[in-house]
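The sequence and model come before the points.

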Amino acid sequence: MSLATFWNEEGNWVSAVVSVLAGGGTGVPTANILPAQSVSYYSSPRIEVEVEEVARASEQMAYTNGQWYYSHRSATVRVDVTTNRTAPVAQNHGTIRGRVRYLMSREAQSFVSPVVTNYVTLDIEETGSGVTVRDPEGDREDTTSLRFRIEYGVLPTAVPTL
């Protein structure tokens, strides 16, 4: 594995969260559960996933390939749930939002291999949420932004040799 692939923690976590949500019966078409940068703002309901921050979580280190590395990491993930109040087919914002929270709370069952590779998920904690309403064309889009802190360990077997 290349260093670029291994240290692409943002991309790796976006892929893992999208995979869990797409397979979790949210009521949102799989095609509308995507990384935030690739979502069409004209489709609803939709779920957008973005990693806002990746950081070292503690001073814990591990040793592999003759080198020490910081093995305890964290990521802050934002999941935006958007529905349209005026859609011809009802979109239940509360149900979708609740399903996302439920799926993210199942870290021990959902955020494991093969969905999560290179890391071991230690904890997923919801850190807050906020609701906004957009009305650019009278479509009454409701959006809930849910934030989660994921703590994880970097597996020594995944660290590439320099």
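The points below go from the whole chain to a single residue.

1. The model is predicted. This should be kept in mind when reading each of the values that follow.

2. The protein contains 4 helices and 7 strands. Read from the N terminus, the order of elements is α-α-β-β-β-β-β-α-α-β-β.

3. The C-alpha trace spans about 60 × 25 × 25 Å along its principal axes. The accessible surface of the protein is about 8,300 Å², and carbon and sulfur atoms contribute 51% of this surface. The chain has 162 residues, of which 43% are buried.

4. Taking the contacts with a separation of 6 or more, 64% are between residues 24 or more positions apart.

5. Among the side chains, 13 are positive and 18 are negative. The centres of the two sets are 4 Å apart.

6. One residue is taken up in detail. Asp80 sits in strand S5, which covers residues 72-84. Is Asp80 buried or exposed? Its relative accessible area is 7%, and because buried means under 20%, Asp80 counts as buried.

7. What does the side chain of Asp80 make a polar contact with? The partner is the side chain of Arg78, at 3.0 Å.

8. Leaving aside residues up to four places away in sequence, Asp80 touches Arg46, Ile47 and Glu48 as well as Thr143, Thr144 and Ser145.

How values were computed. Residues are numbered from 1 along each chain as its sequence is written. This is a predicted model: local features need pLDDT of at least 70, side-chain atom pairs count only at pLDDT 80 or more; totals for chains, interfaces and linings use all residues. Side-chain values use heavy atoms; hydrogens and water are left out. Helices (H or I, at least four residues) and strands (E, at least two) are DSSP runs, numbered from the N terminus. Buried means under 20% relative accessible area, exposed over 50%, partly exposed in between (1.4 Å probe, protein chains only). Contact means heavy atoms within 4.5 Å. Accessible areas come from the Shrake-Rupley method with a 1.4 Å probe; for residues, only the protein chains shown count as cover. Lys and Arg count as positive and Asp and Glu as negative; His and the chain ends are not counted. The place of a charge is taken as NZ of Lys, CZ of Arg, CG of Asp or CD of Glu. A polar contact is a pair of N or O atoms within 3.5 Å; within protein, one must be able to donate a hydrogen and the other to accept it, and residues adjacent in sequence count only if both atoms are side-chain atoms.
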